[in-house]
Amino acid sequence: MLTIASRTDVMNRLGRAMSDPTRSRILLSLLDGPGYPAKLARDLDLTRTNVSNHLACLRGCGIVVAEPEGRQTRYEIADPHLAAALTTLVEVTLAVDESIPCIDPACTVPGCCGTEQPS
C-alpha cells in the first residue's frame with residue numbers, strides 16, 4: 001500500500017526526472033518504444049556520455065529499466081502505467097499567463113521567461 005511518504009517520493013522522483021530538458025527529451029523518445037544509448041544520442045543530437053548519464057539518473061529514479069542485449073543495453077519506461085501517464089501528461093494543455101513573470105531568476109525552461117531552449 002502506498003503511504004503519503006511513498007507517494008511524495010514518487011512525485012519527487014518524477015519531478016526530478018522531468019525537470020531537466022534532456023531527460024524529458026529522452027523520456028519522450030522512450031514513449032515511442034525502447035531505445036539504445038547510441039541511437040538516442042544520435043537521434044537527439046547529444047553525446048553518448050550525456051545520454052548515458054541521464055539514463056543512469058532515470059534508472060536511479062525508477063522510471064526506466066535497462067535490459068542487456070549482447071553488447072548493447074536496451075532502455076524502456078519501467079511500467080506501462082507510467083508510460084500511459086506520461087503520454088496523458090504531455091497531452092495536457094497548460095493555462096500559462098505570460099504576463100506573470102517567472103519567479104526563478106535561473107529558469108532555463110524553454111518558452112518560460114522568454115528563454116530559448118538550451119542545447
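This is a predicted model: local features need pLDDT of at least 70, side-chain atom pairs count only at pLDDT 80 or more; totals for chains, interfaces and linings use all residues.

Guide: A residue is called buried when its relative accessible area is under 20%, and exposed when that area is over 50%.

Visitor: How confident is the predictor, on average?

Guide: The pLDDT averages 86 over the protein, and 87% of the residues score at least 70. Residues 115-119 fall below 50, although in the model this stretch has 9 contacts beyond near neighbours in sequence.

Visitor: What order do the elements run in?
Guide: Starting at the N terminus, the order is α-α-α-α-β-β-α, which amounts to 5 helices and 2 strands. Among the contacts between residues at least 6 apart in sequence, 48% join residues at least 24 apart.

Visitor: Which residues have the most contacts inside the largest nonpolar core?
Guide: Those are Ile26, Leu27, Leu55 and Ile63, in a core of 20 residues. At least two core residues are supplied by each of helix H1 (4-18), helix H2 (21-31), helix H3 (37-44), H4, strand E2 (72-77) and helix H5 (80-90). As a general background, nonpolar side chains in soluble globular proteins tend to be buried together.

Visitor: And which element gives the largest share of this core?
Guide: That is H4, with 4 residues. One of the core residues with the most contacts is Leu55, and, once its neighbours within four places in sequence are set aside, Leu55 is in contact with Ile26, Leu30, Pro37, Leu40, Val64 and Tyr75.

Visitor: Let's stay with H4, then. How far does it reach, and which of its residues are buried?
Guide: Helix H4 spans residues 48-60, and its 13 residues reach 18 Å from the first C-alpha to the last, close to the 18 Å expected at 1.5 Å a residue. Its buried residues are Val51, His54, Leu55, Cys57 and Leu58. Because they cover an arc of only 155° around the axis, they lie on the same side of H4.

Visitor: What about the face turned away from that buried side?
Guide: That face carries the exposed residues Thr49, Asn53 and Gly60. Just after H4, Gly62 takes a positive phi of about 85°.

Visitor: Is Asp45 buried or exposed?
Guide: Asp45 counts as exposed, because its relative accessibility is 71% and the cut-off for that class is over 50%.

Visitor: Switching to Thr22, is it buried or exposed, and what does it touch?
Guide: Thr22, which is found in helix H2, is buried because its relative accessible area is 14%. Not counting residues up to four places away in sequence, Thr22 touches Leu46, Asn50 and His54, and His54 is itself among the buried residues of H4.

Visitor: Last one: what does the side chain of Arg74 make a polar contact with?
Guide: Arg74, placed in strand E2, makes a side-chain to side-chain polar contact with Glu76 at 2.9 Å. Leaving out residues up to four places away in sequence, Arg74 also touches Pro34, Gly35, Tyr36, Val65, Ala66, Glu67 and Glu69.

Technical notes
Residues are numbered from 1 along each chain as its sequence is written. Side-chain values use heavy atoms; hydrogens and water are left out. The expected span of a helix is 1.5 Å times one less than its number of residues. Buried means under 20% relative accessible area, exposed over 50%, partly exposed in between (1.4 Å probe, protein chains only). The arc is that of the directions from the helix axis to the C-beta atoms. pLDDT is the predictor's confidence in each residue, from 0 to 100. Contact means heavy atoms within 4.5 Å. A nonpolar core is a set of buried Ala, Val, Leu, Ile, Met, Phe, Trp, Tyr and Cys residues joined through side-chain atoms within 4.5 Å. A polar contact is a pair of N or O atoms within 3.5 Å; within protein, one must be able to donate a hydrogen and the other to accept it, and residues adjacent in sequence count only if both atoms are side-chain atoms.
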